[in-house]
Amino acid sequence: MTKRLQLIALAFLALAACKSGEKQSDAYGNFEAVETIVSSEMPGKLLIMDAKQGDQLESGKLIALIDTTELYLKKLQTQAQFVASETKKQNVSAQINVFIEQKKNVIITQQRIAKMFADKAATQQQVDDINGSINVLDKQISATNTQFQLIGSEMEAIKRQVDLISEQLTKCRINSPIKGTVLETYLENGELATPGKPVLKMADMSNLELKVYVSGTQLSKVKLGSEVKVLIDSDAKEMQTLSGKITWISSESEFTPKIIQTKEERVKLMYGVKVLVPNDGSLKIGMPGEVVF
């Protein structure tokens, strides 16, 4: 009987402690971080994987390098094609200049024959022949100009290919998109990376979000941008107080998650609220926290 009384007393103490906590705090939840998945944009073997779990990375720091040998050789080949096209274009340009000079000389001859024809010292056949020579040269210049333009277009296409390969070479360098902590790595040196395949997961741990749930009756206390008091466990008996700011309130209600402690609260529809809390190093992802509005 004594043992039974002790159990009842403990139950009352636990209930009193729970009620005391409910009076002190308005909402409960767990800390989250905005996680960033860093993936590869190019396929290939990882030559360098310069990040491991727990590393603090600066934004733009090289994380991994994919083998660029094939792309580099392809770029050299494409650049050689550009040089060849440039030489061809110069030759065609020189040919056009030759035709233009020939036309100048033929025009001089045409003017001379025209005078002779006026003086009846030249025949109609001579006039027709010289005019025909000019027409032939005009067609040759026109055709060569078309060839010149085609080579120019070809060179522009080769330039774009070089630019594309250069961009692909840049994407072989996987850099940190943010300043943050590496939470998990998925690839090691020598492993094959593929586009979209995660290389690592990281998060900015300088600020964490405490996601809590409030009932409809509490919404009047909750306003975006409001400063709130955040409580975390300091030790078995004490709570540490931090400050936070409400950054998000769900627009629709949802069923209360299992993290809510009391049965009465679990049957209600609740609203999610996120509180941004500066992290002094004491906050960890998944850690429970409480909010006082």
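Trainee: In this predicted model, does Glu-41 count as buried or exposed at 51% relative accessibility?

Mentor: The model is a predicted one, and the value for Glu-41 is 51% relative accessibility. A residue is classed as exposed over 50%. Glu-41 therefore counts as exposed.

Trainee: Which residue forms a salt bridge with Glu-41, and how many residues apart in sequence are the parts that the pair ties together?

Mentor: The partner of Glu-41 is Lys-171, with the closest N and O atoms 3.8 Å apart. Glu-41 belongs to the loop between β2 and β3, whereas Lys-171 belongs to helix α3, so the pair ties together parts whose separation in sequence is 130 residues.

Trainee: Is Lys-171 buried or partly exposed?

Mentor: Lys-171 has a relative accessibility of 30%. Buried would require a value under 20%, and exposed a value over 50%. Lys-171 therefore counts as partly exposed.

Trainee: Which residue meets Lys-61 in a salt bridge?

Mentor: Side chains of opposite charge can pair when their charged atoms come close. For Lys-61 the N to O distance in the salt bridge is 3.2 Å, and the partner is Asp-50. The pair links the loop between β4 and β5, which holds Lys-61, to the loop between β3 and β4, which holds Asp-50.

Trainee: What is the relative accessible area of Asp-50?

Mentor: Both partners of this bridge can be considered in turn. Lys-61 counts as partly exposed, at 32% relative accessibility. Asp-50 is partly exposed as well, and its relative accessible area is 42%.

Trainee: How are the axes of α2 and α3 oriented to each other, roughly parallel or roughly antiparallel?

Mentor: Two packed helices are described by the angle and the distance between their axes. The axes of α2 (residues 69-118) and α3 (residues 124-171) come within 8 Å and cross at roughly 165 degrees. Angles over 145 degrees count as roughly antiparallel. Helices α2 and α3 are therefore roughly antiparallel.

Trainee: How many nonpolar residues does the contact of α2 with α3 contain?

Mentor: The crossing of these two helices, α2 and α3, is left-handed. Their contact includes 21 polar and nine charged residues, and the number of nonpolar residues is 23.

Trainee: Which are the edge strands of the open sheet?

Mentor: The sheet has four strands in the order β2-β9-β7-β4, with antiparallel pairing. An edge strand pairs on one side only, and this holds for β2 (35-39) and β4 (56-57).

Trainee: Which residue in β7 stands opposite Gln-56?

Mentor: β4 and β7 (residues 180-185) pair in the antiparallel sense over two bridges. The residue of β7 that stands opposite Gln-56 is Thr-181.

Technical notes:
Residues are numbered from 1 along each chain as its sequence is written. This is a predicted model: local features need pLDDT of at least 70, side-chain atom pairs count only at pLDDT 80 or more; totals for chains, interfaces and linings use all residues. Side-chain values use heavy atoms; hydrogens and water are left out. Two strands pair if DSSP finds at least two bridges between them. Axes are lines fitted to C-alpha atoms, for helices over the stretch in contact, and angles run from 0 to 180 degrees between N-to-C directions. Angles under 35 degrees count as roughly parallel, over 145 as roughly antiparallel, 65 to 115 as roughly perpendicular and the rest as oblique. A crossing is left-handed if the near helix is turned anticlockwise from the far one by less than a right angle, and right-handed if clockwise. Ala, Val, Leu, Ile, Met, Phe, Trp, Tyr, Cys and Pro count as nonpolar, Asp, Glu, Lys and Arg as charged, and the others, Gly among them, as polar. A salt bridge is a side-chain nitrogen of Lys or Arg within 4 Å of a carboxyl oxygen of Asp or Glu. Buried means under 20% relative accessible area, exposed over 50%, partly exposed in between (1.4 Å probe, protein chains only).
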